[in-house]
Amino acid sequence: MQAAELTVGDLLKEQGERLRLELLSGEKALTRRITVGDLNRPGLALSGFLDRFRAERVQVFGNGEQAYCQKADAKKLAEALSAMLSAAEVPCVIVTHNASVPSALSQACKKHGVPLLRSIHDTTTLTGELSEALEARLAPTATVHGVLVDVYGLGVLIQGEAGIGKSECALELLKRGHLLVADDAVQIQHRRGGVLRGYCPEPLKNHMEIRGLGVIDVKLLFGIGAIRERTRVELSIKLEPWTAQTTCDRTGLEVRKVSILDVEVPLIRIPVSPGRNLAVLIEVAALNQRLRSQGYFSAETFNKRLIERMKSKEHS
């Protein structure tokens, strides 16, 4: 798992133009780190009440905070702002609505070396856009070996040992109208709510490596409609060699899961042997998983029906 790092300087470079961010002071403190995607509206902290104050978050001053700064007692406000911004964890302060910065806030930021930024956007727009950008940038990320394909709207991660046919299987799925997200290296992010988002590293985007053919450009061969930028990872398929010792679940009652970035993902093991149509099997697995997510478990329903039938025969 890769530990995401982001500084205030990085934020300005990556999101400054889109979020209309202007640096007002604190040029020497742009190395301050942003470690969480949540934002903080100071609120009660401006009155000196610092219990549960989230210093590690980006501090956003909207209309409410600005109005309070204009009407509060100057001495008490200066003390509260100084206490609030003295924490080393405070990454930066952003003033919204392109408003004039209260002098007490400007002085406190300069005193404690906290970068002071201003945005032309209103508070709702800024907080929404910035929260999304920070979450995407700071989410725990891992790179896994495999192929990620969108099958009937379900993100399917196909894994297995080298040479077992992952890319060839994905190629057949593409011919059947499904969408490629990533081949060989799949980057996965753990987003809020236990959601896993998979996408392709930039250098490999739109390409596949097929043994015997080499590297192919999927976008050129199959069209833009065969590519998807990212998708939610909802099913893991493990391709395994079929040997004399291979045992597999014949009923589908056994529910397996694999942990990816501490999120449990349904796992299906498919033995590979000549003559098996893996693309069709994965299509059926994806459809069956969609049914499960809607509360219908085919194998369990069949098993219950069979048990009820056996019991009714015993009593007849």
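This is a predicted model: local features need pLDDT of at least 70, side-chain atom pairs count only at pLDDT 80 or more; totals for chains, interfaces and linings use all residues.
Residues are numbered from 1 along each chain as its sequence is written, and side-chain values use heavy atoms, with hydrogens and water left out.

Helices (H or I, at least four residues) and strands (E, at least two) are DSSP runs, numbered from the N terminus, and two strands pair if DSSP finds at least two bridges between them. Strand β1 pairs with strand β5 (residues 116-119) in the antiparallel sense over four bridges. Both strands belong to an open sheet of five strands, ordered β1-β5-β4-β3-β2, with mixed pairing. The edges are taken by β1 (21-25) and β2 (39-40), each with a single partner strand, so one side of each is left without a neighbour in the sheet. As a reminder, strands of a sheet pair through backbone hydrogen bonds, either parallel or antiparallel.

Burial is defined by relative accessible area: buried means under 20%, exposed over 50%, and partly exposed in between (1.4 Å probe, protein chains only). Nine of the 11 residues of β6 (residues 141-151) are buried, so the strand is largely enclosed by the rest of the structure. Its pairing with strand β8 (residues 179-191) is antiparallel and runs over 10 bridges; here Ala142 stands opposite Ile188 of β8. Strand β6 also pairs with strand β7 (residues 154-160), again in the antiparallel sense, over five bridges, and Val147 has Ile158 of β7 as its bridge partner.

The hairpin of β6 and β7 has two residues between the strands, and within this hairpin Tyr152 takes a positive phi near 55°. Tyr152, which is not a glycine, is partly exposed, with a relative accessible area of 36%. Another non-glycine residue with positive phi is Asp184, at about 80°. Asp184 is found in strand β8 and is partly exposed, at a relative accessible area of 37%.

Attention now turns to the interior. A nonpolar core is a set of buried Ala, Val, Leu, Ile, Met, Phe, Trp, Tyr and Cys residues joined through side-chain atoms within 4.5 Å. The largest such core has 29 residues, and those with the most contacts inside it are Val156, Ile158, Leu173, Met208, Ile237, Leu239 and Ile282. At least two residues of this core come from each of β6, β7, α6 (166-175), β10 (207-210), β12 (230-241), β14 (263-272) and α8 (278-293). A second, separate core of 21 residues includes Leu46, Leu85, Val95 and Ala104. In soluble globular proteins, nonpolar side chains tend to be buried together.

Contact means heavy atoms within 4.5 Å. Not counting residues up to four places away in sequence, Ile237 touches Val156, Leu157, Ile158, Gln159, Ile268, Ile270, Ile282 and Ala285.

Glu65, in helix α2 (residues 63-71), is buried, with a relative accessible area of 6%. A polar contact is a pair of N or O atoms within 3.5 Å; within protein, one must be able to donate a hydrogen and the other to accept it, and residues adjacent in sequence count only if both atoms are side-chain atoms. Leaving aside neighbours within four places in sequence, Glu65 is in contact with Arg41, Pro42, Gly43, Leu46 and Val60. Asn206, in the loop between β9 (195-199) and β10, also counts as buried, at 17% relative accessibility.

Arginine side chains supply two further details. Arg137, in helix α5 (residues 123-138), is partly exposed, with a relative accessible area of 29%. A polar atom of the Arg137 side chain lies 2.9 Å from the backbone oxygen of Glu5. The charged end of Arg230 sits over the ring of Tyr199, 4.7 Å from its centre; the criterion is that NZ of Lys or CZ of Arg is within 6 Å of the ring centre and within 35 degrees of the ring normal.
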